[in-house]
Amino acid sequence: MTEPIRFPTKIAVLLRDDLAGWQRLNVTAFLVSGVASAVPELMGEEYRDADGTRYLPMFRQPVLVFAGDRSTLAGAHTRALDRGLPMSIFTQELFATGNDRDNRAAVRAVGRDKLDLVGLAVHGPRTAVDKVLKGARMHP
């Protein structure tokens with residue numbers, strides 16, 4: 001058995017703990033797409049099966065998913081901003097919109113400290129991301 005690889009960075013998603021199952025999955029998918037687009041070097045190479053069928057590349061490293069309450073999300077958001085870490089966010093209002101333009105407008109309409117966060121994704125050095133996630137727990 002090979003030793004696990006220790007990556008110098010961490011990709012983490014923090015979800016509000018009162019979301020429905022479908023919401024958790026939907027929010028996670030949207031949030032990690034932000035990390036992938038902002039940090040393309042995190043992407044691996046394409047996959048191919050034994051027949052040569054091509055599949056899209058995925059992240060080179062694991063994505064860890066955490067849960068917390070509103071206060072935990074607000075604190076993580078502030079700490080990520082203070083550290084200048086790349087972050088994607090998902091607010092409660094985005095469940096009611098149907099397209100990217102309306103999503104951006106919904107976020108733009110609310111000040112940073114008033115965002116009703118249901119999730120965020122962050123990427124950065126392991127220790128910095130660990131500090132951002134203070135108080136969060138691994139998602140069950």
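Visitor: Which residue in β6 stands opposite T9?
Guide: That would be P125. Keep in mind that we are looking at a predicted model.

Visitor: How do you know that β1 and β6 count as paired strands, and in which sense do they run?
Guide: Two strands pair if there are at least two bridges between them. Seven bridges join β1 to β6, and the two run antiparallel, so by that rule they are a pair.

Visitor: And what links β1 to β4?
Guide: Six bridges do, and here the strands run parallel. One spot to look up is V13, whose bridge partner in β4 is V65.

Visitor: What makes β4 and β7 a pair?
Guide: They have two bridges, in the antiparallel sense. The rule asks for at least two, so β4 and β7 qualify. Check A67: its bridge partner in β7 is R137.

Visitor: Why is the pairing in the sheet called mixed?
Guide: Strands of a sheet can pair either parallel or antiparallel. In this sheet, β1 and β4 run parallel, whereas β5 and β6 run antiparallel, joined by five bridges. The five strands form an open sheet in the order β5-β6-β1-β4-β7. β5 and β7 stand at the edges, each with a single partner strand, so one side of each has no neighbour in the sheet.

Visitor: What makes β6 "largely enclosed"?
Guide: Eight of its nine residues are buried, and that is why we say the rest of the structure largely encloses β6.

Visitor: Why is V122 called buried?
Guide: Buried means under 20% relative accessible area. V122, which is found in β6, has 0%, so it counts as buried.

Visitor: What does V122 touch, leaving out residues up to four places away in sequence?
Guide: K10, I11, A12, A80, L85, P86 and V129. Take A12: it is 110 residues from V122 along the chain, yet their C-alpha atoms are separated by 5.5 Å. V122 also has M87 standing opposite.

Visitor: How do you know whether T91 is buried or exposed?
Guide: Use the cut-off again: under 20% is buried. T91 comes out at 1%, so it is buried. You'll find T91 in strand β5, residues 87-91.

Visitor: What is T91 in contact with?
Guide: Leaving aside neighbours within four places in sequence, T91 is in contact with V107, L115, D116, L117 and V118. 

Visitor: How do you know that the span of helix α2 agrees with its number of residues?
Guide: The helix has 14 residues, 70-83, and at 1.5 Å a residue they should span 20 Å. The end C-alpha atoms are 20 Å apart, so the two values agree.

Visitor: Which residues of α2 are buried, and what covers them?
Guide: The buried ones are T72, L73, G75, A76, H77 and A80. Their cover includes β1, β4, β5, β6 and α4. In an α-helix, residues three or four places apart point the same way, because there are 3.6 residues a turn.

Visitor: How do you know that the radius of gyration agrees with a compact globule?
Guide: For 140 residues, a compact globule would have a value near 14 Å; this chain has 16 Å, which agrees. Its C-alpha atoms fill a box of roughly 50 × 35 × 30 Å along the principal axes.

Visitor: What elements make up the chain, and in what order do they run?
Guide: There are four helices and seven strands. From the N terminus on, they go β-α-β-β-β-α-β-α-β-α-β.

How values were computed. Residues are numbered from 1 along each chain as its sequence is written. This is a predicted model: local features need pLDDT of at least 70, side-chain atom pairs count only at pLDDT 80 or more; totals for chains, interfaces and linings use all residues. Side-chain values use heavy atoms; hydrogens and water are left out. Buried means under 20% relative accessible area, exposed over 50%, partly exposed in between (1.4 Å probe, protein chains only). Contact means heavy atoms within 4.5 Å. The expected span of a helix is 1.5 Å times one less than its number of residues. The radius of gyration is taken over C-alpha atoms; the globule rule is 2.2 Å times the number of residues to the power 0.38.
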